[in-house]
Amino acid sequence: MPEVFKTTCCYCGVGCGVEVHKSRDGSLRVEGDKQHPVNRGMLCSKGMNLHYTVMDTADRLRYPEMRHNRYLPRERVTWDTALNRAAAVFKALIERHGPESVAFYASGQCLTEEYYIVNKLMKGFIGSNNIDTNSRLCMSSAVAAYKMSLGEDSVPICYDDIERTDCIFVAGANPAWCHPILWRRVEAAKAANPKLKIIVSDPRRTQTCAIADVHLQVRPGTDITLHHAIARILIENGDIDADFIHRHTEGFASFSAQVMARSVAEAATVCDVPEAHIRAAASFIAHAEGLVTMWTMGLNQSVVGVNKNLSLINLNLITGRIGKPGSGPFSLTGQPNAMGGREVGGLANLLPAHRSLASEEDRRFVRRFWNSGPISPDAGYTATEMFEALADGRLKAIWIMGSNPLVSLPDVRKAEAALSKARFVVVQEISSKPETLRYADLVLPAAAWAEKEGTMTNAERRITHLGKVVNPPGEALPDAEILCRFAQKMGFPGFDYASMAEVYAEHCRLTEGTRIDISGLDYTTLQEKRAVQWPYPRQAPAGGGQQRLFTDNKFYTPSGRAVIHACDDANHSEHISPDFPLVLTTGRIRDQWHTMSKTGKVNKLKQHIAQAFLEIHPHDAVARNIKDGDIVEVGSRRGEVRVKATISDDIKQGVVFLPMHWGKILGNDLNRANNTTNNLVDPISKEPDFKFTAVAVQLY
Ligand code: SF4
């Protein structure tokens with residue numbers, strides 16, 4: 001009989017439970033965990049093929065490698081040599097240029113314990129807040145909007161609300177491909193209850209639209225106008241919850257004045273959506289009892305991403321549809337542990353347990369808890385700021401762990417040029433493929449999924465434990481162990497943990513008394529209960545966890561009321577022009593994950609879509625004499641991409657789409673979508689504007 005290990009899928013934020021079956025010969029097979037409350041045994045194509053990513057070790061990094069200068073090749077070294085060098089260089093740079101001269105760039109795929117350690121190391125002991133992650137590119141607009149409207153970065157809802165609602169508004173997301181198991185639950189709910197209405201807004205007619213009652217095919221950048229138009233109809237028709245607004249919110253009067261300033265007909269023109277479709281969406285919301293608003297990158301990855309989020313959350317607030325079964329705003333986390341990362345303060349402007357970097361009391365509390373040095377009140381460099389700081393020399397050293405920024409950052413050729421200027425680059429990675437390795441002075445081989453232990457938190461605040469199933473190849477080590485060894489080489493106390501359970505226990509203690517209190521949790525409880533939602537305080541009721549937040553209508557703002565923000569609906573993306581007349585939007589495909597360092601190894605997953613492509617509307621193609629399958633050049637003000645054209649009327653005329661997964665292939669970067677994207681960011685969240693790039697397309 002094979003041994004069976006229970007763990008969690010390491011791809012998207014749905015957080016499906018996985019059983020890994022390990023045979024005597026060491027071979028692995030995965031199945032969905034039938035007992036897991038999230039997926040009830042189902043897995044999507046990526047999850048079903050997880051074991052291949054572990055069993056195929058051909059591309060894996062096995063030993064630390066180091067070079068003394070960039071004109072010499074890297075050579076294999078011992079862990080001690082590698083980490084002594086890292087510590088010596090970091091100490092020298094910090095002494096000469098201050099702690100702001102070094103940075104860590106991590107990942108929403110890190111386990112919570114890894115996130116916790118790197119934050120403690122950087123914020124508490126190195127003394128700078130230059131620790132940011134690729135979650136900045138993914139969820140930071142939602143984080144800011146939750147704080148501004150609800151008072152804290154708190155997803156108020158749970159997956160069971162899918163089966164409890166009668167109206168779902170999916171805005172700027174394609175969960176049928178990007179959160180497949182969650183979407184299977186929506187499809188099943190719709191099949192069981194045909195009265196469940198589904199509204200989808202997206203410039204593309206995606207697979208998600210297959211069960212939509214109305215598809216609002218908006219012009220990119222006009223989401224706020226669309227949400228305002230729906231709000232206006234609801235207000236005009238009296239389909240709002242005046243009592244809830246009066247007792248539990250603030251800001252409605254300004255919001256109402258703002259949305260009344262633009263007629264629905266005018267909004268329909270701005271959004272390029274039939275007015276009847278907007279009215280149909282409003283009518284579905286008006287006649288439903290619940291409302292789940294779901295969104296991902298279509299709203300988040302925008303130069304006005306926070307405002308887009310706020311304008312959607314407003315629909316829940318003005319209808320009073322929050323804190324009740326079947327109702328609430330629901331940001332679908334892109335990465336598996338972006339939420340766990342935020343719990344431990346895993347962005348350059350956060351402290352652990354959602355404490356505030358700006359609060360002297362909070363900084364003092366965390367410092368005392370860690371027994372560390374003073375914590376800087378200044379936010380560190382965000383993801384894109386790190387590369388700007390490398391370019392102009394403010395940042396001298398960067399430690400990149402579990403992320404592939406030379407595919408995923410916007411205006412990526414500029415980011416690559418910036419990385420080449422760094423004095424010292426450490427790459428802590430599982431795979432030998434990422435382009436970052438070309439620039440690495442030190443390569444540290446890391447353990448992958450199923451090769452280490454830890455926890456993650458999914459999109460509904462559900463924490464699960466991931467066990468170790470197999471040993472990592474060669475001398476690769478878990479990320480947490482690498483960081484702790486480095487901290488000890490730096491001479492910092494407090495990093496001599498005996499186990500990951502100890503790290504987790506420390507993190508749990510630090511949350512005590514906060515709104516994300518998980519002081520009642522430990523590894524034993526997690527392994528026994530399999531998955532629980534936070535908060536989970538010491539005095540948690542039997543069963544623990546909390547399905548929904550704000551059930552008492554008390555919000556985490558200073559006034560206790562939710563804030564309805566009146567947002568300007570202008571888009572501030574770069575301008576389209578006669579030279580660059582089309583809008584490029586980038587995104588994911590069904591069977592690949594991020595920059596393909598794991599899914600790219602699985603042949604089965606290439607069968608769906610094997611190469612990068614440009615999706616273009618037939619009219620835009622004809623105007624350029626482009627036929628299906630032709631090689632086209634997509635050029636922006638920054639760079640170009642050359643891929644095959646896929647002609648489809650699923651995409652709005654005037655808009656083109658490129659998948660974001662492909663990087664350089666044999667040194668050729670012409671598949672890399674981010675050659676073209678721009679480095680504008682939302683002024684609050686600092687999340688890039690991936691969904692709006694002005695481009696020209698021509699036959700190559
Ligand atoms: Fe993994 Fe997400 Fe697929 Fe679930 S839906 S199996 S978490 S990739």
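1. Helix pair α3 and α21. These two helices cross with right-handed geometry. The model is a predicted one. Helix α3 covers residues 79-97 and helix α21 covers residues 479-489. Their axes come within 9 Å, at a crossing angle of roughly 60 degrees. The pair is therefore oblique. From α3, the contact takes Trp79, Leu83, Asn84, Ala86 and Ala87. From α21, it takes Arg485, Phe486 and Lys489. Sorted by class, the residues of this contact are 5 nonpolar, 1 polar and 2 charged.

2. Domain layout. The chain is split into domain 1 (3-55), domain 2 (65-136 + 337-533), domain 3 (140-331) and domain 4 (582-699). Note that domain 2 is written as two segments, 65-136 and 337-533.

3. Ligand site. Which two domains does the ligand lie between? Domain 1 (3-55) and domain 3 (140-331) both contribute residues to the shell, so the ligand sits between them. There are 14 residues around the ligand. Those that come nearest are Cys9, Cys12, Cys16, Cys44 and Gly47. Two helices, α1 (45-48) and α8 (180-192), each supply at least two residues of the shell. By class, the shell holds 9 nonpolar, 4 polar and 1 charged residues.

4. Domain 1 against domain 2. The C-alpha centres of these two domains are 26 Å apart. How many residues of each domain take part in the contact? Domain 1 brings 17 residues and domain 2 brings 16. On the domain 1 side, the elements that give two or more residues are β1 (3-8), β2 (17-22) and α2 (50-55). Strand β1 has the largest share of that side, with 4 residues. The residues on the domain 1 side are 8 nonpolar, 7 polar and 2 charged.

5. Helix pair α9 and α12. Helix α9 spans residues 223-236 and helix α12 spans residues 264-271. Their axes come within 9 Å and cross at roughly 160 degrees. The two helices are therefore roughly antiparallel. The crossing is left-handed. On the α9 side, the contact is made by Thr225, Leu226, His228, Ala229, Arg232 and Ile233. On the α12 side, the partners are Val264, Ala267, Val270 and Cys271. This contact counts 7 nonpolar, 2 polar and 1 charged residues.

6. Helix pair α18 and α20. Helix α18 runs over residues 383-391, and helix α20 over residues 412-420. The packing angle is about 50 degrees, and the axes are 8 Å apart. That angle makes α18 oblique to α20. The crossing of α18 and α20 is left-handed. In α18, Phe387, Leu390 and Ala391 make the contact. In α20, their partners are Ala415, Ala417, Ala418 and Leu419. What classes of residue make up this contact? There are 7 nonpolar residues, with no polar and no charged ones.

7. Cis peptide bond. Where does the cis bond fall? It joins Trp534 to Pro535, with omega near 0 degrees. Pro535 is in the loop between β19 (531-533) and β20 (562-563).

8. Positive phi. His594 has a positive phi of about 45 degrees, although this residue is not a glycine. His594 is located in the loop between β21 (582-587) and α24 (603-606).

9. Points to carry forward. The ligand lies between domain 1 and domain 3, since both give residues to its shell. Of the helix pairs, α9 and α12 are roughly antiparallel, while α3 and α21 are oblique. The backbone details to look at are the cis bond from Trp534 to Pro535 and the positive phi of His594.

Notes:
Residues are numbered from 1 along each chain as its sequence is written. This is a predicted model: local features need pLDDT of at least 70, side-chain atom pairs count only at pLDDT 80 or more; totals for chains, interfaces and linings use all residues. A residue is near a molecule or strand if its C-beta atom, placed from the backbone, lies within 6 Å of it. Ala, Val, Leu, Ile, Met, Phe, Trp, Tyr, Cys and Pro count as nonpolar, Asp, Glu, Lys and Arg as charged, and the others, Gly among them, as polar. Domain bounds come from an automatic or database domain assignment. Axes are lines fitted to C-alpha atoms, for helices over the stretch in contact, and angles run from 0 to 180 degrees between N-to-C directions. Angles under 35 degrees count as roughly parallel, over 145 as roughly antiparallel, 65 to 115 as roughly perpendicular and the rest as oblique. A crossing is left-handed if the near helix is turned anticlockwise from the far one by less than a right angle, and right-handed if clockwise. Two residues are in contact if their C-beta atoms, placed from the backbone, lie within 7 Å.
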